[in-house]
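Here is a short report on a ligand site and a helix pair. Please read it alongside the model.

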Amino acid sequence: MTNQPLLEISDLVMHFRTSQGPVQAVDHVSFRLNPQRAVVILGESGCGKSSLAKAILRMLPNNIGAYSGKVFLNGTDVMSLGDEEFRRSVRWVQMSLVPQAAMNALNPVIRVGHQVAEPFMFHNSAQRKQAMELVKQMFHYVGVPADFISRYPFELSGGMRQRVALAMALVTSPSLVILDEPTSALDLLTQSNIMNVLKRNKAELGTSYILITHDVATSSELADDIAVMYAGQIVETGDAEAFFGQPLHPYSKMLMASVPRLRTDVEPDFISGQPPSLISPPSGCRFAARCPSRFDKCTLEPPSAIKEWRTVKCWLYQ
Ligand SMILES: Nc1ncnc2c1ncn2[C@@H]1O[C@H](COP(=O)(O)OP(=O)(O)O)[C@@H](O)[C@H]1O
Ligand code: SF4
Ligand SMILES: [Mg+2]
């Protein structure tokens, strides 16, 4: 196995301008992903997970404020590329995205087969006929019947539309796919079918994933590595087996304790309170207001940022 990470992110920052002040949605995030692995980014709603996906793929909203840091993909600093070069050689080609609520983001007036063909035709200068053949194969691969190719999104169930979005992200054979809550809002059977497609694709083609979810149970199915995100920052990283065996950060422990367990009478603990506003987050540890292990130092100074694997951003461990 090569020692070069597939993706290395260092000090990534993405803030949004608002009338109340900057929203620190992604605040000095660093992590690394090795080839053919899946990292799960775990955290509650509002912690900056979708913003992190957009920051990696340079999908910047109009009210972007600060945007900085380094993103190395296969050793190339893609942050230093011009927009056109990034579009031509990185987005879709090397990294693609299944956006949050992808099944509702398909264009309602274009047949789904044509939508899936689009990124392939653009990046491979392919003719429609050749692209449609590939789309048929992709549909078969993700479990969409071939004759759905000429249907419009409204003629498909939510689960089928989500599979179409997945086909669109895979059609250019990228080495990394970012999946933002790919199975939320789907029934359990469809969730499990989609996870099986992802697992098969990883095993057969060696595709790497960044899987974003708030659902610990889903994450455990695919994860090789875990990164827990809280209030715009990564607070714990680690190998999935080590993490699930023993989560270290008080927030990770609470996330794990909130998962319903089938074979015991232990009731899940709900995490009380909410993540802080990212407009003026606490200056000490951002989790302090909800942390049962908090002590004096926690509210005075932030624990140091995470740069390596199996690290914890918490004063208990520093
Ligand atoms: N374009 C934007 N302008 C201002 N605030 C935003 C924008 N996009 C997201 N946010 C805010 O950034 C924070 C993180 O959002 P998001 O990345 O969607 O979190 P998550 O995916 O973890 O739920 C939230 O407080 C959200 O309201
Ligand atoms: S630094 Fe302090 S408040 Fe923050 S998670 Fe650790 S113990 Fe809790
Ligand atoms: Mg999100």
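This is a predicted model: local features need pLDDT of at least 70, side-chain atom pairs count only at pLDDT 80 or more; totals for chains, interfaces and linings use all residues.

Residues are numbered from 1 along each chain as its sequence is written, chains are lettered from A and ligands numbered from 1 in the order written, and side-chain values use heavy atoms, without hydrogens and water.

**Ligand 1**

The shell around ligand 1 holds 15 residues, counted when a heavy atom lies within 4 Å. Among the nearest are Gly-46, Lys-49 and Asn-63.

| Residue | Polar atom | Distance |
|---|---|---|
| Gly-48 | backbone | 3.0 Å |
| Ser-51 | side chain | 2.5 Å |

On its own, ligand 1 has 560 Å² of accessible area (Shrake-Rupley, 1.4 Å probe). The protein covers 67% of that. Strand E2 (23–33) and helix H1 (49–56) each give two or more residues to the shell. H1 gives the largest share, three residues. Helices here are DSSP runs (H or I) of at least four residues, and strands (E) of at least two, numbered from the N terminus.

**Helices H4 and H5**

Helix H4 (residues 128–142) and helix H5 (residues 158–170) have axes that come within 9 Å and cross at roughly 125°. H4 is therefore oblique to H5. Oblique angles are those left over after under 35 degrees (roughly parallel), over 145 (roughly antiparallel) and 65 to 115 (roughly perpendicular). Axes are lines fitted to C-alpha atoms, for helices over the stretch in contact, with angles from 0 to 180 degrees between N-to-C directions.

Note on methods. A polar contact is a pair of N or O atoms within 3.5 Å; within protein, one must be able to donate a hydrogen and the other to accept it, and residues adjacent in sequence count only if both atoms are side-chain atoms.
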